[in-house]
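Open the model in a viewer and keep the sequence at hand. The tour goes from one selection to the next.

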Amino acid sequence: MTTPDATRPGHLLLDAEALYAELARGVRALLAPRTRLAGITSGGAWLAARLQRDLGLAEAPGVLSSSLHRDDFARRGLAASAQTQLPFDVNGADILLLDDVLYTGRTVRAVLNELFDYGRPARVRLAVLVDRGGRELPIAAEFAAARVALPASQSLALARTEAGAFHFDVKEA
């Protein structure tokens, strides 16, 4: 859900918890009996873990890191974030990839390379909390809880409180 932010004219206030509820409804509709959730580090992994719990899914979700397959690895180096953990067999799996914000598509491309290092899934789909446009690669989410336009000078990332509630951090680049 997006609403005008009265404290900053021309800006949007994103309610991450309301968007999470919408994402949960969308993910529930995408689930098949053999679907496995895998979240992109870190926001997508948080979403996958919470969805697994809230949707009552028995299988633990996977976590995928884009660190080793990024096209800007030489500039960024190895991230200190969580590493890939897939508690299921990737071969033949129906994988629903989750991320907080879809922007250029480069992180998703890197994560797909990482995923295929572990095997050959039958199908991979993408669901995101926010699609902010600005694609540089032909990647699209099967489900997005919201679509917003932000200037390239701003970054948008999911954050959590100590209690686990979601909110967004918007920063100037």
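This is a predicted model, and the stops below cover its nonpolar cores, an aromatic pair and charges over rings.

**Stop 1: the largest core.** Select Leu23, Val27, Leu51, Leu129, Val130 and Phe168. Among the 27 residues of the largest nonpolar core, these touch the most other members. Now colour the elements that each supply two or more residues to this core: helix 1 (16–30), helix 2 (43–54), and strands 5 (94–102), 6 (123–131), 7 (143–147), 8 (154–160) and 9 (166–172). Helix 1 gives the largest share, with 7 residues.

**Stop 2: Val130.** Centre the view on Val130 and show its surroundings. Leaving aside residues up to four places away in sequence, Val130 touches Leu14, Leu19, Asp100, Val101, Leu102, Ala146, Val148, Leu156 and Phe168.

**Stop 3: the second core.** Select Ala38, Ala93, Ile95 and Val111, which belong to a separate core of 18 residues.

**Stop 4: the aromatic pair.** The structure has 1 aromatic pair. Select Tyr20 and Phe166: their rings are tilted, with 5.6 Å centre to centre and 55° between the planes. Tyr20 is in helix 1 and Phe166 in strand 9, so the pair ties together parts that are 146 residues apart in sequence. Are these two residues buried or exposed? Both Tyr20 and Phe166 are buried.

**Stop 5: charges over rings.** Then move to Tyr103, where the charged end of Arg132 sits over the ring, 3.8 Å from its centre.

Note on methods:
Residues numbered from 1 in each chain as written. Predicted model: local features only at pLDDT ≥ 70, side-chain atom pairs only at ≥ 80, totals over all residues. Heavy atoms only, no water. Core = buried A, V, L, I, M, F, W, Y, C linked by side-chain atoms within 4.5 Å. Buried < 20%, exposed > 50% of the residue type's maximum accessible area, 1.4 Å probe, protein only. Helix = DSSP H or I, 4+ residues; strand = E, 2+ residues; numbered from the N terminus. Contact = heavy atoms within 4.5 Å. Phe/Tyr/Trp six-rings, centres within 6.5 Å; stacked < 30°, edge-to-face > 60°. Lys NZ or Arg CZ within 6 Å of the ring centre and 35° of its normal.
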